[in-house]
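Hi,

Here is the structure I promised to pass on. Have a look through it first, and then read my notes below.

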Amino acid sequence: MMASSTRPADGVRLWTSGDWNALFGLGTNVLVNLLVMTGLLKFVVGLPDELTFGRILPAVGLMLFAGNIYYAWMALKLSKREGRHDVCALPSGPSVPHMFIVVFVIMMPILGQTGDPVKAWEAGLAWVFIQGFILIGGGFVAPMIRRITPRAALLGTLAGVSIAFISMRPATEIFMTSIIGLLCLGIILVSWFGGVRYPRGLPAGLVAIVVGMVIAWVATALGFPEVGGMSAGALASSFAHFGFSIPIPAIGHVFSGFEFLGFILVTAIPFGVYDLVEAMDNVESAEAAGDSYSTTEALAAEGSISLIGTLFGSPFANAVYIGHPGWKSMGGRIGYSAATGVFVLLITWFGILAVFLNLVPVVAIAPILLYIGMLIGAQAFQTTPLTHAPAIVLGLVPHLAAWAKTLIDGALGAANVQMTPELVAAMAQGGVLYNGLAVLGNGAILTGLVLAAIGVFIIEKRLEYAAAFAGAGAVLTFFGFMHGASVGVAVSPMIAASYGMLAVFLVALAKLETSRGSEPAFAPAAAE
């Protein structure tokens, strides 16, 4: 037996030398995501430090600790059951897409509506609370959802989120401070896309952060605050957050967030569906690498652990991470998962993240966010048939509308200008169709999914299926899940009727095509 390995009495290894590599890799990954999360809460939403560091981060730490410990336990059970020492635990951490969805799609609009950051936090709690139950119950229906919904629709609408709400902000930050941002982006891209390995196997994310940090502090010391922007005073004051903060139950805050239930459901349901498919894909990826886990158990654990975090104040969800084969190939087994959980617990409960946040410039982290957005957006095209690409683009459009409306609303709010019919008319004369952006952008995740699904089935000449999704669009629109500012009855009746008419047209065309036998009811125009 290796000296660096630990075995219980039955011979199953709890720790191997490869776990150090996997711990450093996954631990760094989770740390970067926690820094991003803290930056979003502090600088984007503007939550007070006592709420961010005293309530939210300790709850997130508890959630991530529980998730990593549970998946390590699942790996231990599998190792004992199959008598193997090469079982690798499922990787786990904060859901990255969730961080941006809950901040930009839930918390920011509620903050703009109420001006109260606590209300924004409560809306985020309620959103994840609903997500948790969708995941728990979804383990039993996920296979059916996956069968009836084209992959291009599920990934296409997610690509819209990645482009509009994940990629755009960090891209602008990179070029606002290009000396740091562009170099760090290069460091990320040449490694994660180009395959370049850095000395001693250092992760590209860590290299980018260290390089960006060094440039920022040197520029600040040389008197170039527009490049560095760091503050020794802020760094020193961040040590005041050192201490011991344990999670406090936030059940009352969770149910207070249900005040915004109609607004929350518009994204909670479709994103819950995406979570089901993502988790299934990641469990299947682990099975392909030789470790067969129960999809139902993994989903139920993901949902239950997210619920635990939310009830203690976390507006973010736990997730099974992609990348199990990678951690396994570098020697990760059971111990790396449990050790990552302990590491996260320490940095969140003892206030260490506040120091990291004032030590590392945000622009050094921005390339990592842009990379994530690029990866999610590219996945929609890379893992679906080439012929479905137009449908994916159709799924992107509602998110671009939602993003544009968000910018307009933010600019008007900053100028303290109220939206009026006269202003809407003046904007239309200037080419900005504000009302169109609002209608198309409301419920963008579901709208993108439905439109992309219709597009896929039309491309495949399966018009009955396209009609079914158009009919679903009519129902969802009628009750405000699509194209409506909130859930209700007859929220957008004209648009709902339009989807209904489209469904009737597609059904009629399908019957006409069937009656003509093998002769198509229509033929695509020849390429010129």
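Before the core makes sense, one term: a nonpolar core here is a set of buried Ala, Val, Leu, Ile, Met, Phe, Trp, Tyr and Cys residues joined through side-chain atoms within 4.5 Å. Please also keep in mind that you're looking at a predicted model.

So, the core. The largest one holds 132 residues, and the members that touch the most others are L34, F100, V103, M107, W127, Y293 and F316. Helix α1, which runs over residues 17-45, supplies the largest share of this core, with 14 residues. There is also a second, separate core of eight residues, with A152, A380, A391 and I392 among them.

Is N33 buried or exposed? With a relative accessibility of 3%, N33 counts as buried, because the cut-off for that is under 20%. Not counting residues up to four places away in sequence, N33 touches P94, V96, M99 and Y321.

Next, a pair of helices. The axes of α7 (residues 178-192) and α8 (residues 204-221) come within 9 Å and cross at roughly 165°. That angle makes α7 roughly antiparallel to α8, because anything over 145 degrees counts that way. The crossing in which α7 passes α8 is right-handed. On the α7 side, the contact is made by I179, I180, L183, C184, I187, I188, S191 and W192; on the α8 side, A204, G205, V207, A208, V211, G212, I215 and A216 take part. Sorted by class, the contact of α7 with α8 has 13 nonpolar residues, three polar ones and no charged ones.

Leaving aside neighbours within four places in sequence, W192 is in contact with A204, G205, I368 and Y371. The C-alpha atoms of W192 and P203 are separated by 9.3 Å, and the two residues are 11 apart along the chain.

Helix α7 has another partner to check. The axes of α6 (residues 151-176) and α7 come within 5 Å and cross at roughly 120°, which makes α6 oblique to α7. Here the contact is made by I174, F175 and M176 of α6 together with S178, G181, L182 and L185 of α7. By class, the contact of α6 with α7 divides into five nonpolar, two polar and no charged residues.

As background, most residues other than glycine have a negative phi. Which way does phi go at N416? Phi of N416 is positive, near 60°, and this residue is not a glycine. You'll find N416 in the loop between α17 (389-414) and α18 (421-429), and at 65% relative accessibility N416 counts as exposed. K461 also has a positive phi near 60° in a residue other than glycine. K461 lies in the loop between α20 (444-459) and α21 (463-478), and is partly exposed, with a relative accessible area of 36%.

Happy browsing!

Note on methods
Residues are numbered from 1 along each chain as its sequence is written. This is a predicted model: local features need pLDDT of at least 70, side-chain atom pairs count only at pLDDT 80 or more; totals for chains, interfaces and linings use all residues. Side-chain values use heavy atoms; hydrogens and water are left out. Buried means under 20% relative accessible area, exposed over 50%, partly exposed in between (1.4 Å probe, protein chains only). Helices (H or I, at least four residues) and strands (E, at least two) are DSSP runs, numbered from the N terminus. Axes are lines fitted to C-alpha atoms, for helices over the stretch in contact, and angles run from 0 to 180 degrees between N-to-C directions. Angles under 35 degrees count as roughly parallel, over 145 as roughly antiparallel, 65 to 115 as roughly perpendicular and the rest as oblique. A crossing is left-handed if the near helix is turned anticlockwise from the far one by less than a right angle, and right-handed if clockwise. Contact means heavy atoms within 4.5 Å. Ala, Val, Leu, Ile, Met, Phe, Trp, Tyr, Cys and Pro count as nonpolar, Asp, Glu, Lys and Arg as charged, and the others, Gly among them, as polar.
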